[in-house]
Amino acid sequence: LRDNRIELVRASWHELSISVSDVSLSDEGQYTCSLFTMPVKTSKAFLTVLGVPEKPQITGFTSPVMEGERMQLTCKTSGSKPAADIRWFKNDKEVKDVKYIKEEDAARKTFTVSSTLDFLADRSDDGAVVSCRVDHESLNSTPQIAMQVLEIHYTPLVKIISSNSWPEEGQSIILTCESKGKPVPEPVLWTKDGGELPDPERMVVNGRVLSISFLNKTDNGTYRCEAKNPIGRNSTEYVLIVHDVFNTLLPTTVIPSLTTATVTTNVALTASTTTSATATSIRDPNALAGQTGPDHALIGGIVAVVVFVTLCSIILLGRYLARHKGTYLTNEAKGAEDAPDADTAIINAEGSQVNAEEKKEYFI
C-alpha cells in the first residue's frame, strides 16, 4: 500500500497495524496481511465504506400560496450508501402519504433519494413548519433535517359577536365584527337590510365595532358585516330583534293571606274575592312599566275584607233583633200573654218578682 493517507501504526514480529485517514468510497475493498514465512501465511478482511448522505433540500415551494392550490414539495439527498430514508413532518406530526424515489449512481455506488409531499393548501396550514428528515446509519442517530415555513393567503373569515343576547327597548347593544384573513383585511363595512345605517347618531361605527344606543322597534332588521382583502371578500349577518320591556318582568305573585276571604257561605262574597284574586295575575296593558300587580291585589283584598266584615255585622245584628221579638212566656210568667214586650210581660205576670219571690227565666 502506497498512499499518503495510510500510516504505519505498529510493526513487530507479532503485529502489524495501519491507519487510513480521510476515508473515501475508493478505500472500500479487500485488505490482505501476509506473513513471509515458509510457507507464507496470509489473512484477509473486507472493508465496507458508508456513503454519508448530503444535507437535504426542499424544492417546489413558492411563496405565497393561495388557499386551495395544490402544493408539491420535494426533499432530495445524494451520496448515501446504502440508500437513506426520508420522512416528512408537519408541525412535528409525521405525514405518511408521500412518494419515495431511489436512484443509484453506478460510478460511485451511491444513491440519490427523493421524496414528494403532495397536498392542497388550506388556511390552517398558514405558518405551519414542514420538515424533511433524513435518517442513515452513518449519521450516528443524528438525522439531517431541512425545514420550510408555509405561507398561505386566504379570504377573510368573518364572525359577529353580540354583547346582549336579549336586547330590550331603551337598552344598548355592541356588535363586534371579527375578521381574520391573510393579507390582513381592510376595515369592515356595516350595512342594515342591504343599505346604509339609518341613524348615524345612535348607530356609531368604530373600526370593527358597531354600537347602537337607546334601542327601539325600528332597529329590528338584518345587520351585515363585510370584510375584504386582495384575495377576496366575505360577509356574515346578524338578525336584531328588540324585545318589549314588560315581556321580561317576573310574573305577579298573589298574596296567600288575601285568598282566605273566600271561605264563607255567601256566594256573592266568594265571587267578588275570586275576581279580585284573578285580576292580580293579569297585567293591565295600559299600565306604566314601573307599576306592578301586587298594588292592585292589596286594594282588592282590603275591599273584600271590608265587605266581608260588613255582611257579618248585618247578619249578627239581624239575629240579635230576631231573638228579642215575639211572645216570651214561661211557667213563672203566666197571664202576661197580652204584654207588648218581654219586659212588660215579666212585670205583669202572675207571681212576678214584684209581688212574690218566685223563680223566673229570661230569654235574650
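C75 and C132 form a disulfide, with their sulfur atoms 1.6 Å apart (a disulfide is a pair of cysteine sulfur atoms within 2.5 Å). This is a predicted model, in which local features need pLDDT of at least 70 and side-chain atom pairs count only at pLDDT 80 or more, while totals for chains, interfaces and linings use all residues. Residues are numbered from 1 along each chain as its sequence is written, and side-chain values use heavy atoms, with hydrogens and water left out.

**Disulfides**
- C75 and C132 are both buried (under 20% relative accessible area, with a 1.4 Å probe and protein chains only).
- C177 and C225 form a disulfide with sulfur atoms 1.7 Å apart; with -75° about the S-S bond, the link is left-handed.
- This pair links distant parts of the chain, C177 in strand β15 (residues 173–182) and C225 in strand β19, 48 residues apart (strands are DSSP runs of E, at least two residues, numbered from the N terminus).
- C177 is buried at 1% relative accessibility, and C225 is buried at 0%.

**Sheet**
- Three strands form an open antiparallel sheet in the order β16-β19-β20 (two strands pair if DSSP finds at least two bridges between them).
- β16 (189–192) and β20 (232–240) stand at the edges with a single partner strand each, so one side of each lacks a neighbour in the sheet.
- Four bridges join β16 to β19 (residues 221–229), and K192 stands opposite Y223 in β19.

Note on methods: Buried means under 20% relative accessible area, exposed over 50%, partly exposed in between (1.4 Å probe, protein chains only).
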